[in-house]
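Take a look at the model below.

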Amino acid sequence: MASVSTNDFKNGWTIMVDGNLMQVVEFQHVKPGKGPAFVRTKIKNVRTGSVIEKTFRAGESVDRVNIDKREMQYLYKDGSDLVFMDNETYEQITVPPESVGDLSDYLVESETAILLMFGSEIVGTELSASVELVIAETEPGIQGDRVSGATKPAMLETGLTVQVPLFLESGEKIKVDTRTGSYISRA
């Protein structure tokens, strides 16, 4: 860990605060008319996701943490755990689904994801803005039922359920927004 000054903060940096990994969401240098300057920040706990506001003295030293971004390929599900392979070292790791969050709703076998690692601990994930998934199960569309904007639930191959237009059938491939979990279009 490298020691950095609070004067050098940048959004997105990960720092160690009171033994917790925190990511700088927002910061502001304040120089009041009286008294010493300070840095007002909003920081997010990387492990829990909670956001807090914290004030640092200007020039105070904090430890900056390097988070590795590793491109990994999802191989298969082992019980409830997920098995990933590092694309560089071909090393396989088994990951509990809690540590990757919503990522498991959008992963199919052989899909690539970016895992954010601190040592051997997974502290976050990155996925593309949309993914293509196959509809595993949905009600059949009824002839003549063409209400504008009407939707029906559809279970996808990963087990995720999304609302889709009435004309879509089981077996069709659709695009799903990974940020909101909503239907975008046919693939």
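What volume does the largest pocket have? About 410 Å³. Keep in mind that this is a predicted model. The lining of this pocket counts 20 residues. Closest to the pocket centre are Val100, Gly101, Asp102, Gly124 and Thr125. By class, the lining splits into 8 nonpolar, 7 polar and 5 charged residues. Strand S11 gives the largest share of it, with 5 residues.

The second largest pocket holds about 290 Å³ of space. Its lining is made of 17 residues. Nearest the centre of this pocket lie Thr14, Gln23, Val46, Ile67 and Leu116. The class count for this lining is 6 nonpolar, 7 polar and 4 charged. Which strand supplies the largest share here? Again it is S11, this time with 3 residues. Strand S4, residues 38-45, is another contributor: S4 and S11 each give at least two residues to the lining of the second largest pocket.

Strand S11 covers residues 121-126, and strand S10 covers residues 112-118. The two run antiparallel and are joined by 5 bridges. Within this pair, Leu115 sits opposite Thr125 of S11. Thr125 has already come up, as one of the residues closest to the centre of the largest pocket. S10 and S11 form a hairpin with 2 residues between the strands. In that hairpin, Gly119 adopts a positive phi near 70°.

Now step back to the sheet around this hairpin. Strands of a sheet pair through backbone hydrogen bonds, in either a parallel or an antiparallel sense. Here the pairing is antiparallel, in an open sheet of 5 strands ordered S9-S8-S7-S10-S11. The edges are held by strand S9, residues 92-95, and by S11, each of which pairs on one side only. From one strand to the next, the twist averages 45°. So S11, the strand with the largest share in the lining of the largest pocket, is an edge strand of this sheet, because it pairs on one side only and two strands count as paired if at least two bridges are found between them.

A further open sheet has 5 strands in the order S14-S13-S12-S15-S16, and its pairing is antiparallel. Why is one side of S14 and of S16 left without a neighbour in the sheet? Strand S14 (161-165) and strand S16 (183-186) stand at the edges, and each has a single partner strand. The twist in this sheet averages 50° from one strand to the next. Strand S15, residues 173-177, pairs with S16 in the antiparallel sense, over 3 bridges.

Next come two loops. Glu98 belongs to the loop between S9 and S10. Is Glu98 buried or exposed? Its relative accessible area is 65%, and the cut-off for exposed is over 50%, so Glu98 counts as exposed. Glu98 and Ser5 are 93 residues apart in sequence. In space, their C-alpha atoms are 34 Å apart. Phe167 is placed in the loop between S14 and S15. Its relative accessibility is 44%. That value falls between the 20% and 50% cut-offs, so Phe167 counts as partly exposed. Phe167 and Lys69 are 98 residues apart along the chain, and 40 Å separates their C-alpha atoms.

Finish with the whole chain. How many helices and strands does it have? There are 0 helices and 16 strands. The C-alpha atoms fill a box of roughly 75 × 45 × 20 Å along the principal axes. The radius of gyration is 22 Å, whereas a compact globule of 187 residues would have one near 16 Å. Of the 187 residues, 32% count as buried.

Methods. Residues numbered from 1 in each chain as written. Predicted model: local features only at pLDDT ≥ 70, side-chain atom pairs only at ≥ 80, totals over all residues. Heavy atoms only, no water. Helix = DSSP H or I, 4+ residues; strand = E, 2+ residues; numbered from the N terminus. Axes fitted to C-alpha atoms, helices over the stretch in contact; angles between N-to-C directions. 1 Å grid on protein atoms, 1.4 Å probe; cavity = no way out; pocket = protein on both sides within 12 Å on 5 of 7 lines; lining within 4 Å. Points joined across faces, edges and corners; volume = space filled by probe spheres on them. Nonpolar A, V, L, I, M, F, W, Y, C, P; charged D, E, K, R; others polar. Rg over C-alpha atoms; globule rule 2.2 N^0.38 Å. Buried < 20%, exposed > 50% of the residue type's maximum accessible area, 1.4 Å probe, protein only.
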